[in-house]
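Keep the viewer open as you go.

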Amino acid sequence: MIQLKTVLTLVATAALAACTTLGPNYQAPAANAPAAYRAAAAVAGAELQRDWWLMFGDAQLNALQAQALQASPTLAAALARVERAKAVYGATRADELPRLDVTAGETGLRTSAKSVTTPVLGGQAITFEGWQTTLQANLSWEIDLWGRVKRQAESAQAQLDASTLDAAAARVALTADVAAAYWQWRALADEAAALQRLRDSRAKAFKVAQTRFDAGSSTTQDLERVRAELASADADVADLPRRQALVANQIAALTGQAAAELKLQAVPMAAPPAIRAGLPSELLQRRPDLAQSLAQLHAATAQVGIAEAAFYPSIRLTGSFGYQSKDLSDLISAPARLYNFGPGISLPIFEGGRNKANLAGAKAQVDESLAAFRGRMLQALREVDDALAELQGRANVVDAQNRTLASSGEALKVAKSRYDQGAVSYLDVTEAERTPLATERALAQLRGAQWAATAQLVKALGGGWTAVSGG
């Protein structure tokens, strides 16, 4: 029987283990975010939700996002990493509990008559031969005296959190990239329409110029200038399908389908709605990649405690209970039972500097993770500021181009009126069309840039993910 003193000693040891955990406890670092973004209108606009694209009311975009979330290999890989991290965490938590297994076996054996350990009686070696049956339960449990197992579970939990947040960040990036590509495709469709109108105008101008040249009322220089403008417009029109095809291929890849299966309908674009950027201090709650960086820092901090525990002795309780008999009929009987139980202590004496090196490496990993978080925070702030600056700057250019379009439109009306009165030739009308048509194309490009900046801002703000909802 196990002595009462031994039991009490083990209970006291377990109690001590419950209150001793080596290594530093994790504390989230300060974000050191500025009070506001550089853009003046940083807090204006609609608030992003998790499925943020629904706010635009675009059925095509909604369908593309649903397809991407279902079929994207990138997102599927991120979700698989989460499942793998869950498995690692579950295996790590299992180390906190005793391990129990049962073994059973039947062994044929014979002792050697020539061994130095063979007993001899009357000058004759005594050997044993026969079959032996064993049924035995084995117990093993490491007493977490210094919190090593606890820190392992803590690190695994933080790694699981990091994997989950990585999947959330992948979702944000995927949906923002899908929207950006889709809006670029639509902007190219608008540009193609404006460019076709410009090309048609250049073709009319060339016919007029050719007629005047044939009549001897214009020079070769005038004719060739108009011909060059028509050729330039033809080249731009011919290049648009290539640009649209490349963007369509990108959309297809993002949504996990072949480009030939992608069907999109061109719809004219208006100005994008404003999105509330909030305050820089809110980024930690908005961006899953920042939270992921903190989870990785947490995991690295826990590893320091694991490295420190390697300097101290470890205690493992082991035991077994079972039956062993040469006759199967006598196996489950009191005389056939056997057991052993007792603690085992392992104390590191000489490791050749391994433990010191592991501890130094763990501390360096904490420093690296902290620096990575600070760098990612700075990058996040820059991405929001860049997107806001892009939106604000493009809006100013759009205003200027709209004024240009209005003024050139009035000039075109005057030219048409004078043409109707016979005061000018039709070539003067086509010349007056040059500026408004070119401005329409520029506005289509600017609207595309505005929508691209909107997608950039959505991505920079974390795509509606929040720490409260868990992404």
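## Out in a loop

Gly 45 has a relative accessibility of 43%, so it counts as partly exposed. Bear in mind that this is a predicted model. Gly 45 belongs to the loop that links α1 (4-18) and α2. Setting aside residues up to four places away in sequence, Gly 45 touches Ala 274, Ile 275 and Arg 276.

As background, most residues other than glycine have a negative phi.

## The nonpolar cores

Which residues touch the most other members of the largest nonpolar core? They are Trp 52, Trp 183, Ile 251, Leu 283, Val 384, Leu 457 and Leu 461, out of 59 residues in that core. At least two residues of this core come from each of α2 (59-71), α3 (73-94), α4 (148-214), α5 (220-254), α6 (283-286), α7 (288-309), α8 (354-420) and α9 (426-460). The largest share, 15 residues, is supplied by α4. There's also a second, separate core of nine residues, with Ala 203, Val 208, Leu 223 and Leu 230 among them.

Back to Trp 52 for a moment. Leaving out neighbours within four places in sequence, Trp 52 is in contact with Gln 65, Thr 175, Ala 176, Ala 179, Trp 183, Val 458 and Gly 463. One of those partners, Trp 183, is also on the list of residues that touch the most other core members.

## α3 against α4

How do α3 and α4 cross? Their axes come within 9 Å and cross at roughly 170°. An angle over 145 degrees counts as roughly antiparallel, so that is the label for α3 and α4. Sorted by class, the contact between these helices has 12 nonpolar, six polar and five charged residues.

## Checking the helix lengths

α4 has 67 residues and reaches 95 Å from its first C-alpha to its last, close to the 99 Å expected at 1.5 Å a residue.

Buried residues in α5 include Leu 223, Leu 230, Leu 240, Val 247 and Ile 251, along with Glu 229 and Gln 244. α5 is followed by a glycine too, Gly 256, and its phi is positive, near 70°.

α7 has 22 residues and reaches 32 Å from first C-alpha to last, close to the 32 Å expected at 1.5 Å a residue. Is α7 largely enclosed or largely open? 18 of its 22 residues are buried, so α7 is largely enclosed by the rest of the structure.

Over in helix α8 you'll find Ala 360. Its relative accessibility is 46%, so Ala 360 counts as partly exposed. Ala 360 and Ala 307 are 53 residues apart along the chain, with their C-alpha atoms separated by 8.7 Å.

Note on methods. Residues are numbered from 1 along each chain as its sequence is written. This is a predicted model: local features need pLDDT of at least 70, side-chain atom pairs count only at pLDDT 80 or more; totals for chains, interfaces and linings use all residues. Side-chain values use heavy atoms; hydrogens and water are left out. A nonpolar core is a set of buried Ala, Val, Leu, Ile, Met, Phe, Trp, Tyr and Cys residues joined through side-chain atoms within 4.5 Å. Buried means under 20% relative accessible area, exposed over 50%, partly exposed in between (1.4 Å probe, protein chains only). Helices (H or I, at least four residues) and strands (E, at least two) are DSSP runs, numbered from the N terminus. Contact means heavy atoms within 4.5 Å. Axes are lines fitted to C-alpha atoms, for helices over the stretch in contact, and angles run from 0 to 180 degrees between N-to-C directions. Angles under 35 degrees count as roughly parallel, over 145 as roughly antiparallel, 65 to 115 as roughly perpendicular and the rest as oblique. Ala, Val, Leu, Ile, Met, Phe, Trp, Tyr, Cys and Pro count as nonpolar, Asp, Glu, Lys and Arg as charged, and the others, Gly among them, as polar. The expected span of a helix is 1.5 Å times one less than its number of residues.
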